[in-house]
Amino acid sequence: MSPLAVAGLQLLQACIGSAVAGLAVWAALRLALARWPALAAKRWAWLLPQMIIVAVFALLLVPQSNKLGVLPAIALAPAAASAQVAAPRRDGDALGPDAIGADATKADIINAAAINAGDINVGDIRADNIKGGKAFDGVGGWLVPAAQAWLLMYLAGLGLAIAKVARVVRTLRGLRRSASELSALGAHAGFGAGQAGASGIAVFETDAAVSPMLIGVRKPCLLLPRHLRAFQDEQQQMVIAHELTHLRRRDPLWMAASIGLQTLLWFNPVMRKLGERLTWAQELSCDAQVLQGRSQPQRQAYAAALLAQLKLQQNSFGAAMAFGGHESTTLAGRMQLIRRNADPAMGAMAHCVVLGALGLCLAGGLLLQPAFAWQAATAVRVMAPDAAPAAAAAAAAAASARAPVAWRAPLERPRVSSFYGVVSPSRVRAHRGIDLATPTGTPVYASADGVVLVSAKGYQGEAIYGETVELAHGAGMRSLYAHLDRRDVAAGDIVKAGQLIGLSGATGKVSGPHLHFEVRRGAELVNPETVIAGLTANATRAALAARLPLPADK
């Protein structure tokens, strides 16, 4: 499968997961708001859910996060692959060149040699494991192109969202450049009792019919419309106090974070709703602080200033803290809250309930998303029988003459906890392979190209191995992966080096989660250090202290 298809599938899963998490978060908050109206003025209650939705989106973009899912994987096949099924061979029958075909690939020859050697019986290769033909019509047929199309749509929408934010930022900067700075704040009726003197904020005044607002994130400045001077002195002071309260509470930082998250998930309508509620919560909190201890006539004057501002302003910008920068419907509701006392405060139990519900939404968004499982396009052939011994010998010779097997570590970050051959008091026999310490659920990859010989619970009648996969790589070379938590391949599958074959675990007889890895040449055990480089550099101190020296070390 192409990298574009893989990226599209991963992005599609992340988008679906974030949408599900968004719906769950929104439903939980609406229920909580009905029980505790004071939640409307809590900034964290509207920014934290946005962060949770983006966290679900980001975690589902990481392939390793698939191990968290509790739903079965959606198997996706390569777009082009061929499958030929013929009569199964009898024990002792061999596969020759005629059975393989003139267009045989190296994988075909390796498969034939493995069958001739008795490693695989054609009868053990199930028909439902054959990749190709019409076996993958259905989900894989439409999902991969749809995922690729969505990837392009997402990137286009992200570009448009970024351009929209950039346009608003340019407009605000243009307003500030065209405005004149107030050098003597005392001359403005809105700066009474030295309320701006301690803030050290730069104040600009503009002829544009806009709302009073803060511009900037790192070092905000205050932009005032010149028409504000027509308001009563007390109204001017309360309006400016409102904006300075935003500054003290660092609301511009909260708003910038929200806009960034909304831009990333531009396709999710819940993110926009949460952003609107965050703006609403910031305004309500500032209103409450400005009006604290004020009389009812002062509250009415404050509400009148909001109405007057709404009539005068021409534009409002969501990228800044703007007094009165809202639609008339939301402004009417805000004035009703201004005229009456604040809602009862939320207690500690209410906070815990809301936070717990949001935590459940985060966990559910990760656990209830299916994983996409895909494999590289590989032609798998089940050959017809051929009784000619000479043909079998020719196939085996061709397999032996191929290039040496290229090996890689079965984990992305292998850390050896026990080397080959080490005998400890807890062992009754020499260690047949190496142990790689890793948490349960870590992806395990094929160490070389090959065919799956064994995918079962236990190995050669020994249950101590737990869930096990064994691969044949030709020339008698085999590799074994034991104590897996999950197996993603079946007997007869052809795999490529680096292809996912399962997840690590702690099945069988183990003292903790790890991957047991063995290498064989025929019936002889081989020290994995001789085929995989760099194992010594990534090992525990205890493993290095107990390690038996290699011939090259002596």
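# Helix packing and a strand hairpin series

Helix 7 (residues 251-264) packs against helix 8 (residues 269-291) at an angle of about 170°, and their axes are 9 Å apart. Because angles over 145 degrees count as roughly antiparallel, helix 7 is roughly antiparallel to helix 8. The model is predicted.

**Helix 7 and helix 8**

- On the helix 7 side, the contact is made by D251, W254, M255, S258, L261 and Q262.
- These residues meet M271, R272, G275, L278, T279, Q282 and C286 in helix 8.
- Sorted by class, the contact of helix 7 with helix 8 holds six nonpolar, five polar and two charged residues.

**Helix 2 and helix 11**

- Helix 2 (residues 44-61) and helix 11 (residues 348-367) pack with their axes 9 Å apart, at an angle of about 15°.
- Angles under 35 degrees count as roughly parallel, so helix 2 and helix 11 are roughly parallel to each other.
- The crossing of helix 2 past helix 11 is right-handed.
- Helix 2 contributes W44, L48, P49, I52, A55, V56, L59 and L60 to the contact.
- Helix 11 contributes H351, V354, L355, L358, L362, G365 and L366.
- By class, the contact of helix 2 with helix 11 comprises 13 nonpolar and two polar residues, with no charged residues.

**M51 in helix 2**

- M51 is a residue of helix 2.
- The relative accessibility of M51 is 46%, so M51 counts as partly exposed.
- M51 and Q262 are separated by 211 residues in sequence, while their C-alpha atoms are 9.9 Å apart in space.

**Strand 14 and its partners**

- Strand 14 (residues 462-474) has ten of its 13 residues buried, so it is largely enclosed by the rest of the structure.
- Strand 13 (residues 450-459) runs antiparallel to strand 14, and seven bridges join the two.
- In this pairing, Y459 stands opposite E462 in strand 14.
- The hairpin of strand 13 and strand 14 has two residues between the strands, and Q460 takes a positive phi near 50°.
- Strand 14 is also joined to strand 15 (residues 477-487) by six bridges, and these two strands run antiparallel.
- V469 stands opposite Y481 in strand 15.
- Strand 14 and strand 15 form a hairpin with two residues between them, and A475 in the turn has a positive phi of about 55°.

Conventions. Residues numbered from 1 in each chain as written. Predicted model: local features only at pLDDT ≥ 70, side-chain atom pairs only at ≥ 80, totals over all residues. Heavy atoms only, no water. Axes fitted to C-alpha atoms, helices over the stretch in contact; angles between N-to-C directions. Helix = DSSP H or I, 4+ residues; strand = E, 2+ residues; numbered from the N terminus. Parallel < 35°, antiparallel > 145°, perpendicular 65-115°, else oblique. Left-handed = near helix turned anticlockwise from the far one by under 90°. Contact = heavy atoms within 4.5 Å. Nonpolar A, V, L, I, M, F, W, Y, C, P; charged D, E, K, R; others polar. Buried < 20%, exposed > 50% of the residue type's maximum accessible area, 1.4 Å probe, protein only. Pairing = 2+ DSSP bridges.
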